[in-house]
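Thanks for making time this morning. Please have a look at the model on the screen, and then I'll walk you through it.

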Amino acid sequence: MLSLERQRANVRRSRIESAKRGFADVVFLPLSASGKPALVIELKYGGSAEAAIEQIKRKQYTKALEGYTGEILLVGINYDKNSKDKKHNCVIEKLEKI
């Protein structure tokens, strides 16, 4: 996430409200000239990164980006609540546009 924060000149960070209630934890929407993908990020604590990706899909967080024509990446991150050294896992999935 820190490296994403360094890209502030190329992206807008926002929250997207879902049509099915709820918010994505973090959304990075790139400026059109940057050529970077949009990121929809869901964080979990003591769950799974896969469950985070499924939540993005189930709650349709990407619907708010329907007019966006660039690449969209779904990012699920889970932090292990039993780990003292903040172990985590991450799943990244490219959204396939229909």
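Glu93 and Lys57 form a salt bridge, with their closest N and O atoms 2.6 Å apart. By salt bridge I mean a side-chain nitrogen of Lys or Arg within 4 Å of a carboxyl oxygen of Asp or Glu. Glu93 sits in strand β5 (residues 88-94) and Lys57 in helix α2 (residues 49-58), so the pair ties together parts that are 36 residues apart in sequence. Helices (H or I, at least four residues) and strands (E, at least two) are DSSP runs, numbered from the N terminus.

A word on the source. This is a predicted model: local features need pLDDT of at least 70, side-chain atom pairs count only at pLDDT 80 or more, and totals for chains, interfaces and linings use all residues. Residues are numbered from 1 along each chain as its sequence is written, and side-chain values use heavy atoms, with hydrogens and water left out.

Back to the pair. Glu93 is partly exposed, at 27% relative accessibility. Lys57 is partly exposed too, at 37%. The cut-offs: buried is under 20% relative accessible area, exposed is over 50%, and partly exposed is in between (1.4 Å probe, protein chains only).

How many salt bridges does the count come to? Three. Lys94 pairs with Glu71, the closest N and O atoms being 3.5 Å apart. Lys94 is in strand β5 and Glu71 in the loop between α2 and β4, so this bridge ties together parts that are 23 residues apart in sequence. Lys94 is partly exposed at 46%, and Glu71 is partly exposed at 36%. Then there is Lys63 with Glu66, at 3.4 Å from N to O. Here Lys63 is partly exposed at 43%, while Glu66 counts as exposed at 60%.

Lys63 and Glu66 come up again at the largest pocket. About 240 Å³ of space lies in that pocket. Eleven residues line it, and the closest to its centre are Thr62, Lys63, Glu66, Ile72 and Leu95. How is a pocket found? On a 1 Å grid over the protein atoms alone, it is an open set of points where a 1.4 Å probe fits, with protein on both sides within 12 Å along at least five of seven lines; lining residues have an atom within 4 Å of a point. The volume is the space filled by probe spheres set on the points, which are joined across faces, edges and corners. The lining divides into five nonpolar, two polar and four charged residues.

Now the overall layout. The protein has two helices and five strands. From the N terminus on, the order is α-β-β-β-α-β-β. Of its 98 residues, 32% are buried.

Next, backbone angles. Most residues other than glycine have a negative phi. Which residues have a positive value here? Gln60 is one of them, with phi near 55 degrees. Gln60 is in the loop between α2 and β4 and is partly exposed at 26%. Lys86 also has a positive phi, near 55 degrees. Lys86 lies in the loop between β4 and β5 and counts as exposed, at 64%.

Last stop, Tyr79. Tyr79 belongs to strand β4 (residues 72-79). At 32% relative accessibility, Tyr79 is partly exposed.

Technical notes: Ala, Val, Leu, Ile, Met, Phe, Trp, Tyr, Cys and Pro count as nonpolar, Asp, Glu, Lys and Arg as charged, and the others, Gly among them, as polar.
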